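Thank you all for coming; I would like to take a few minutes to walk through one model with you.

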2 protein chains.
Amino acid sequence: MINWKNLDTYPAFRELSGLKNEVNLALEMSGENGAQRVRTCAVPMASGLAYHYAAKSVNEKVLSALENLAREAQLTEKYQALLAGEIINTGEKRRVLHHLTRGQLAGQVMADGVDKRVFYTEQQTRAADFARRVHEGSVTNEKGEKFTTVVQIGIGGSDLGPRAMYLALENWARENGCFRMEARFISNVDPDDAAQVLKSTDLAHALFVLVSKSGTTLETLTNESFVRNALRSAGLDPSRHMVAVTSESSPLASSSDYLCAFFMDDYIGGRYSSTSCVGGVVLSLAFGPEVFERFLQGAAEEDRLALEPRATRNPAMLDALIGVYERNVLGYPATAVLPYSQALSRFPAHLQQLDMESNGKSVNRFGEPVSYPTGPVIFGEPGTNGQHSFYQLLHQGTDIVPLQFVGFKAGQAGMDVEIQGSTSQQKLCANVVAQIMAFACGKKDENPNKAFAGGRPSSIIIGQQLTPEALGSLLSHFENKVMFQGFLWNLNSFDQEGVQLGKVLAKKVLSHETDGALRAFSDLMDL
Amino acid sequence: MINWKNLDTYPAFRELSGLKNEVNLALEMSGENGAQRVRTCAVPMASGLAYHYAAKSVNEKVLSALENLAREAQLTEKYQALLAGEIINTGEKRRVLHHLTRGQLAGQVMADGVDKRVFYTEQQTRAADFARRVHEGSVTNEKGEKFTTVVQIGIGGSDLGPRAMYLALENWARENGCFRMEARFISNVDPDDAAQVLKSTDLAHALFVLVSKSGTTLETLTNESFVRNALRSAGLDPSRHMVAVTSESSPLASSSDYLCAFFMDDYIGGRYSSTSCVGGVVLSLAFGPEVFERFLQGAAEEDRLALEPRATRNPAMLDALIGVYERNVLGYPATAVLPYSQALSRFPAHLQQLDMESNGKSVNRFGEPVSYPTGPVIFGEPGTNGQHSFYQLLHQGTDIVPLQFVGFKAGQAGMDVEIQGSTSQQKLCANVVAQIMAFACGKKDENPNKAFAGGRPSSIIIGQQLTPEALGSLLSHFENKVMFQGFLWNLNSFDQEGVQLGKVLAKKVLSHETDGALRAFSDLMDL
């Protein structure tokens with residue numbers, strides 16, 4: 001029997017709240033004790049990754065309280081219920097089924113009269129077949145020529161996740177002979193976005209993927225028209241250049257305006273849709289269906305690890321619990337995501353949506369206000385770039401910001417250079433481990449301007465190389481972390497009512513149904 | 001006589017601290033009162049921009065306390081002292097002279113035996129002349145062919161600012177016949193970054209701009225070697241393809257490895273260097289020197305406006321003061337920068353460095369710990385994209401995050417499409433004004449999940465179009481805002497000691513001089 005309860009009702013949370021000044025991180029990470037922590041505070045993940053939490057402000061007492069909290073909050077049972085197809089998205093009365101796009105960890109889930117695992121794999125197979133036909137040249141443009149570029153039109157989850165995944169694997173695919181088509185992305189309703197992409201795209205050989213679950217997303221439909229105009233102006237037939245990814249009930253589903261349509265459904269939120277055909281069509285076209293399949297396998301294996309009930313053996317659960325300790329006991333308001341991998345340049349932007357849109361909420365799943373902080377601000381840029389930018393504040397600012405590092409032993413491109421006795425990749429790796437220690441231990445200095453207080457916690461996920469499998473595991477890790485945190489905060493992490501009001505007011509502005517300050521602001525904008 | 005004092009020593013700050021629950025923003029912005037606020041709470045900026053603060057949580061009382069604070073903290077006098085060349089960067093005992101790259105608002109500033117305004121304009125003229133010779137074909141590659149691409153190699157301030165400015169003007173330049181050369185950027189020591197750029201660059205026609213003030217930046221020198229290897233492998237002569245931007249005392253200054261060198265100095269920090277030849281060389285090459293000159297003019301005019309002592313007529317000063325009220329009285333830990341302009345896609349990343357590296361500090365300019373919060377976390381993405389991502393938390397999260405919007409009435413590309421009675425640009429503008437009102441006023445709803453508390457403050461800078469002048473003004477606005485906040489917090493905003501420790505430890509890792517946890521982490525990375 002699952003009980004959905006607020007965080008502050010659990011005895012373990014009261015226990016945890018008493019452990020506020022428990023750990024002197026700088027001391028813990030010093031000397032042989034520190035080395036021992038590094039060797040032991042690690043949880044294996046799938047695809048050769050591991051989650052290392054030696055530099056987090058935790059000790060046995062804190063971890064024990066976190067284990068108790070995980071048990072009292074029934075994190076595993078709630079995850080199992082989600083996997084089994086229960087209505088976890090209570091606000092919208094929907095199942096939450098994105099895990100089914102990459103595996104089946106519970107019994108058959110039926111909805112809308114179909115087995116949903118079968119439905120998702122069917123769509124994936126259709127996307128794979130379509131990509132193969134494009135690659136081999138049996139689906140072509142009007143002149144029978146092969147498509148060379150794929151352009152995704154979508155916004156939010158239809159953009160950030162697929163774009164981040166594409167960038168993450170682009171170099172890898174080029175290096176491993178899997179690069180099939182360049183992918184580009186149009187998202188913003190700002191006409192300069194579409195204009196920029198279209199001006200530098202060979203339209204005659206471009207295939208557009210229009211992604212909108214409802215078929216009514218303002219930005220996406222506007223950009224579709226923009227693209228159709230450009231295609232017609234170039235003497236091309238838009239219906240020969242465009243496919244749709246949408247729900248079966250959407251107006252786009254059976255339109256002759258598209259070469260074909262691939263289907264998603266209401267059980268997968270946009271920010272959880274990279275492993276559905278929202279990511280599957282564009283990524284299969286760009287890198288081939290086999291690469292996308294490997295990406296799904298990495299996610300599926302990580303999903304399985306998240307079933308482990310002992311928090312210290314479950315990387316996503318432990319990451320989630322430590323995050324709640326940092327947010328609700330230590331009182332840190334933000335978290336930085338810092339991948340030491342240029343390929344992950346847009347991964348923080350994806351996590352920003354995933355986390356902030358899922359858990360940036362003030363009422364619990366029953367609509368009652370919660371009396372504790374929920375989702376933090378998430379931001380980040382790749383290292384080492386960030387070191388030369390905002391790390392100053394992270395090291396010496398007045399607020400402590402917990403850090404989530406990611407690093408790989410090997411690069412993707414296989415091009416490197418040795419300078420002063422080390423390769424670029426070694427310099428990259430040396431920098432990330434140096435940063436962890438600088439943040440944790442700090443440095444005394446007679447000049448207070450050059451002193452570092454230390455005590456700034458971080459974790460790092462380390463892998464061999466950013467492969468399709470590793471990327472899938474990484475994505476699943478964070479999706480499941482956010483899910484577990486939502487369970488702990490007793491939120492519905494799967495709706496996003498906070499985005500609605502702005503849409504409604506924007507419509508009023510465009511139809512001139514405004515008064516007061518909204519009218520006055522509209523005047524300023526000549527609307 | 002200037003007194004450098006901590007924020008909490010000013011009587012006006014105590015006055016301000018008593019005004020914590022002063023303003024009911026939702027109420028203030030309602031009805032005719034709200035419309036009146038929108039019409040009156042605006043400060044003209046240069047280049048046709050204006051700073052609008054109607055939706056900030058301020059009223060006459062708060063503004064009056066802020067005016068007092070500005071006077072007591074001698075903001076104008078401190079700015080004048082900076083302009084006059086006093087040693088404002090006390091930690092490094094340096095003048096702070098970036099304003100001189102675009103104008104002269106005080107008397108002659110002599111340093112190192114030269115008039116620094118003359119020095120900066122000479123370098124700008126040299127960059128302009130060089131760019132013209134490249135464009136007309138009198139500086140060419142080995143074969144006498146024109147260069148078509150410029151690639152900047154730099155990190156931090158040598159990357160983020162110039163890159164953001166390039167992206168901001170790329171569409172505008174194409175539309176206005178000023179687009180001369182494509183620019184690209186290599187920054188990260190991750191070898192995949194350089195590999196990615198080089199693989200898609202026509203090396204034979206590429207001109208590289210190496211930017212390092214000291215001539216010793218690890219990432220930049222490593223990437224230089226990377227590039228030189230690639231050029232040699234392509235049978236090209238690196239010294240015919242590379243210029244340097246550096247200080248006169250750097251090892252790069254007189255090296256025959258470069259076609260020529262342009263000079264900066266220690267009085268301009270990296271994050272303030274976009275208007276120096278750090279931005280000037282690449283932007284003059286990309287868009288022509290006339291465009292760069294217009295950009296400087298926009299900044300110079302905005303710098304002049306920042307001399308106005310009355311805060312309510314000084315946009316940068318008012319923005320700074322309201323930010324301090326939000327940070328130190330209302331207790332908000334982060335600020336989001338949200339440009340409704342795809343061209344400003346990397347402007348938030350530049351502001352993130354500018355702000356967090358300048359004011360993310362815990363000791364005052366005398367090295368004494370301060371007892372109040374200083375610089376907030378800064379993050380942001382362009383709208384409308386952000387609306388479909390992290391705005392959920394901004395609207396309904398448990399923390400309030402003040403918002404800085406930027407919007408333009410007209411797009412840059414001159415390509416637009418009308419759908420359902422409005423253009424894309426109108427939809428973009430309608431969205432930003434709708435968001436301001438949604439954040440300020442919220443919405444009651446019987447379903448608490450769909451209710452919006454409101455009371456979430458924002459400001460907006462509105463302009464006609466993002467031109468070179470407008471961009472210069474926008475940049476200057478934020479630089480001066482950060483400067484005024486540094487004065488208020490009594491920080492040295494112009495050093496960055498917090499970036500040093502990581503560099504030192506990374507060197508130790510690479511030379512294997514490590515023990516304890518750092519050794520153990522290095523082992524994990526196979527170092």
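Predicted model: local features only at pLDDT ≥ 70, side-chain atom pairs only at ≥ 80, totals over all residues.

Is B:Ser47 buried or exposed? B:Ser47 is buried, because 24 other C-beta atoms lie within 10 Å, and the rule here is that a residue is buried if 20 or more other C-beta atoms lie within 10 Å of its own, exposed if 12 or fewer, and partly exposed in between, with C-beta atoms placed from the backbone.

Residues are numbered from 1 along each chain as its sequence is written, while chains are lettered from A and ligands numbered from 1 in the order in which they are written.

Let me stay with the backbone for a moment. Most residues other than glycine have a negative phi, and most peptide bonds are trans. B:Ser47, which is not a glycine, has a positive phi of about 55°, and it sits in the loop between strand 1 (42-44) and strand 2 (50-52) of chain B; helices (H or I, at least four residues) and strands (E, at least two) are DSSP runs, numbered from the N terminus. A:Asp526 is not a glycine either, and its phi is positive at about 60°; A:Asp526 lies in the segment after helix 18 (516-524) of chain A and is exposed, with 11 other C-beta atoms within 10 Å. As for peptide bonds, the one from A:Gly383 to A:Thr384 is cis, with omega near 10°, and A:Thr384 belongs to the loop between strand 11 (377-379) and helix 14 (391-396) of chain A. In chain B, a cis peptide bond joins B:Gly383 and B:Thr384, with omega about 10°.

Now to chain A as a whole, whose secondary structure comes to 18 helices and 15 strands. The radius of gyration of chain A is 24 Å, close to the 24 Å that the globule rule gives for 527 residues, so chain A is as compact as a globular protein of that length; the radius is taken over C-alpha atoms, and the rule is 2.2 Å times the number of residues to the power 0.38. Buried residues make up 63% of the 527 residues in chain A, and in helix 10 (residues 277-287) of chain A, eleven of the eleven residues are buried. Just after helix 10, A:Gly288 takes a positive phi of about 90°.

Finally, how do the two chains relate? A rotation of 180° with 0.0 Å of shift along its axis superposes chain A on chain B, with an RMSD of 0.0 Å, and that is the relation of a two-fold axis; the copies are superposed by least squares on the C-alpha atoms of residues with pLDDT of at least 70 in both. Of the residues of chain A, A:Phe379 comes closest to the rotation axis, at 3.2 Å (C-alpha). The contact between the chains takes 122 residues from chain A and 122 residues from chain B, where two residues are in contact if their C-beta atoms, placed from the backbone, lie within 7 Å. Helix 15 (residues 424-441) of chain A gives the largest share of the side of chain A that touches chain B, namely 14 residues.
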